[in-house]
Amino acid sequence: MLLEVCVDSVESAIYAKEGGAHRLELCSSLELGGLTPSIGLLLSVKSYVDIPVFCMIRPRSGDFEYSQMEVEVMVADINQLTIAGADGFVFGCLNKNRTIDEVASGRLSAAIRKVDKPMTFHRAFDLLPPTELPSSLSLLKQLGVTRVLTTGGGDSVNIERLAHLKSVTDEVGGIVILPGGGVNTTNLRGLRDLGFQEVHASCSSFIEEADYGARFNNPYPGGKRKMTTRTKVEELLAACM
């Protein structure tokens with residue numbers, strides 16, 4: 001089973017690779033759900049690891065409804081991150097009614113296809129109405145999306161919903177479902193038994209850091225932040241066996 005680890009620092013990327021991760025999703029600000037990484041971060045990560053690095057394309061926190069100007073920024077990020085060595089991209093664009101924004105997604109997917117990179121539609125997918133799943137998967141396939149990162153719908157991985165989604169995806173064909181969001185050594189066995197070939201996790205723990213109080217809006221408890229650990233990656237991989 002392939003393990004993709006989401007990271008937002010060079011240290012986390014190194015620990016993920018040392019622990020046996022097969023691919024990285026590189027972001028900034030994972031505490032905000034993951035934003036577009038800087039070119040400097042990507043260059044540094046690529047200098048330390050030799051596994052594929054997929055870059056998040058998300059210019060801000062908040063919803064997934066983007067203006068024309070924001071989409072222009074996202075396209076520019078795709079182009080510049082490609083030059084810096086990105087191996088793939090992760091994005092998600094929705095309309096106000098929680099359906100896929102075909103126009104914005106079309107512009108981003110066209111930019112990614114132009115540089116011949118694989119693309120993942122991220123957990124914005126979990127906000128889609130259940131009735132929209134078959135048509136949404138068909139649309140994403142037409143756009144060239146190769147993976148969908150999802151819990152199955154909800155805050156964390158749901159085996160029952162993922163089983164249903166896998167059956168729908170198998171009918172559409174051409175898209176890999178990438179379970180992610182609360183993947184652990186317990187539910188991983190259920191995912192493996194359902195036939196999923198890839199999973200996504202942060203494999204992170206809290207570490208101590210300087211406590212500057214609430215002034216800088218750190219969402220984590222005072223004096224702590226999260227970082228991927230080699231041990232967590234190794235434990236999750238061992239559960240795949």
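## Second largest pocket

On a 1 Å grid over the protein atoms alone, a pocket is an open set of points where a 1.4 Å probe fits, with protein on both sides within 12 Å along at least five of seven lines. Grid points are joined across faces, edges and corners, and a volume is the space filled by probe spheres set on the points. The model here is predicted, so to speak of local features takes a pLDDT of at least 70, and side-chain atom pairs count only at pLDDT 80 or more, while totals for chains, interfaces and linings use all residues. Residues are numbered from 1 along each chain as its sequence is written, and side-chain values use heavy atoms, with hydrogens and water left out.

With that in hand, the second largest pocket comes out at about 240 Å³. Its lining (residues with an atom within 4 Å of a point) has 13 members, and Pro 130, Leu 133, Gly 152, Gly 153 and Arg 161 sit nearest the centre. Helix α6, residues 159-172, is the top contributor with four residues; helices here are DSSP runs of H or I with at least four residues, strands are E runs of at least two, and both are numbered from the N terminus. By type, the lining splits into six nonpolar, four polar and three charged residues. In that scheme Ala, Val, Leu, Ile, Met, Phe, Trp, Tyr, Cys and Pro are nonpolar, Asp, Glu, Lys and Arg are charged, and the others, Gly among them, are polar.

## The sheet and Ala 201

Eight strands make an open sheet in the order β7-β6-β5-β4-β3-β2-β1-β8, paired in parallel (a pair needs at least two DSSP bridges). At the edges are β7 (176-179) and β8, each pairing on one side only. Strand β1 (residues 2-7) pairs with β2 over four bridges, and Cys 6 stands opposite Glu 25 in β2.

Ala 201 belongs to strand β8 and is buried at 6% relative accessible area (buried is under 20%, exposed over 50%, partly exposed in between, with a 1.4 Å probe and protein chains only). Ala 201 and Cys 6 are 195 residues apart in sequence, yet their C-alpha atoms are 6.2 Å apart. Beyond neighbours within four places in sequence, the contacts of Ala 201 (heavy atoms within 4.5 Å) include Cys 6, Val 183 and Leu 236.

Most residues other than glycine have a negative phi.
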